[in-house]
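Please examine the sequence and the model shown here before reading on. The explanation then moves through selected parts of the fold.

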Amino acid sequence: MHRRAEESSLVRSIPSDTGDRESITSDTIAAISTPAGEGAIALVRISGPDAIRIADKIFRGKESPSRFVSHRQHFGEVVTELGGLIDEVMMSIHRAPASYTGEDIVEISCHGGTLVTAKVLEACLHEGARGARPGEFTERAFLNGKMDLTQAEAVIDLIRARTDLALRSATEQLEGKLGQKIENIRKGLIDLLAHVEASIDFSEEGIVPDEGGTLLARLESVREQIAALLATADEGRILREGVRVVIYGATNAGKSSLLNRLLGYERVIVSDAHGTTRDTIEETINLRGVPVRLLDTAGLRTSKSEIEREGIARTERSLQKADLRLHIIDRNAPRPAYFVETAANGNEIVVLNKKDLSEHEDWKNYAALRISCATGDGLNTLESEVLSRIGKQNLRPENALAINLRHRDCLRRALEACDRARKNLEKTHSPEYIALDLNEALRAVGEVVGTVGIEQILDSIFGQFCIGK
């Protein structure tokens, strides 16, 4: 019985956990962790097995860093190899495993000048550290078991958050709430797989695993959990990227003026000359709690200019990808020739600009929003209509816990594998086929939190980080 248990295909098929992964962080890294430029304070980080040794070499104070109490700041100086002063600093030691990366970390707070910060980093590198890759500190935290992959991704979401809801989403994911939901799904799949494998390996041992309707019910429960997370994918895209709102229309209709009004400052050059805007200009605003990506586009007209024609082509491509389109029209001018073809669209708002001037008879009694970019009249109404349309298209995020595109791909594959397993169960096919499908689902779910198959995606994820994080 025990010998057969050791040889069970269940043991062979369940993916191993991240904790079994050997650390590949044998070298010591250093980087400037604060943004480039001048500031009051800059932070230089060192992480790895030689971090404290390097700190001993470059720090001059009342005691050496190797004798510091962990997580306590000490005043002193960072010096060159020959003892020359670089800067007065505050230094702290964070001893493994109670640190961000799970390794020994040294944090040096120096003055925030560009040159002095570079000199402090240079001293660290001179003593044996190497420059960190983008996101390598967080990558090490993941590899050393300090966080799962969803939490690591939440760090960059936290940095990039532009609304309160996006910030709360990133915070909850960083706390591990998404990871816990994924772990519950994994446990359900492992339990299902255990029963299926038991019916294969121990059919002669008197073990009675769940079968038929019971397995179907448990599989359906797992499927519902996966489907519920998949349903948050669009909300996740909006939280991270914003609602894509394209401003388009004929030249001189007021598209750039509207963008400037919504932003609250003069971002785009405005001129009476036709064709001033020749490229797509994108900015993001927080519209009453919803991140909105505004795209100002080249005006639509027949043009002999090759550059302007390329701008118009980009406008058309932007319209195809838009979540919502704002069709800006000069109410003093006749209806554009293309207007009838594009007006009746569920994701489009027709906006008649220049409300402060007289209206052309083509627009008399026409049901559309009327605004004035010159005076600001009607802009509050336009903002409310934009939010209303976003809500009607289910583009307004309401749930803070939402998956990203990578999660969606993994969970979609997991759901498809579960569907195949369900069909095989319903048709009472051989349990080997069912086990194959369940194992595929398990691997796909494991990729979300980084328990399996993560080597090929680590560079993609951590490459989005700044150096020093």
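Predicted model: local features only at pLDDT ≥ 70, side-chain atom pairs only at ≥ 80, totals over all residues.

Residues are numbered from 1 along each chain as its sequence is written, and side-chain values use heavy atoms, with hydrogens and water left out.

Helices (H or I, at least four residues) and strands (E, at least two) are DSSP runs, numbered from the N terminus. Helix α4 covers residues 114-126, and its 13 residues reach 18 Å from the first C-alpha to the last, close to the expected 18 Å; the expected span is 1.5 Å times one less than the number of residues. In α4, the residues V116, T117, V120, L121, A123 and C124 are buried, where buried means under 20% relative accessible area, exposed over 50%, and partly exposed in between (1.4 Å probe, protein chains only). These residues cover an arc of only 150° around the axis, which puts them on the same side of α4; the arc is that of the directions from the helix axis to the C-beta atoms. The buried residues of α4 pack against β1, β2, α3, β4, β5 and β6, contact meaning heavy atoms within 4.5 Å. The face turned away from the buried side carries the exposed residues T114 and L115. Just after α4, G128 takes a positive phi of about 125°.

The bridge partner of E282 in β10 is L295. The two strands form a hairpin with two residues between them, and R288 in the turn has a positive phi of about 55°.

Rings of Phe, Tyr and Trp (its six-membered ring) pair if their centres lie within 6.5 Å; planes under 30 degrees apart count as stacked, over 60 as edge-to-face and the rest as tilted. The count by this rule is two aromatic pairs. The ring centres of F59 and F68 are 5.6 Å apart and their planes are at 85°, so this pair is edge-to-face. F59 is buried at a relative accessible area of 8%, and F68 is buried at 3%. W363 and Y366 also form an edge-to-face pair, 5.6 Å centre to centre with 75° between the planes.

Technical notes
Pairing = 2+ DSSP bridges.
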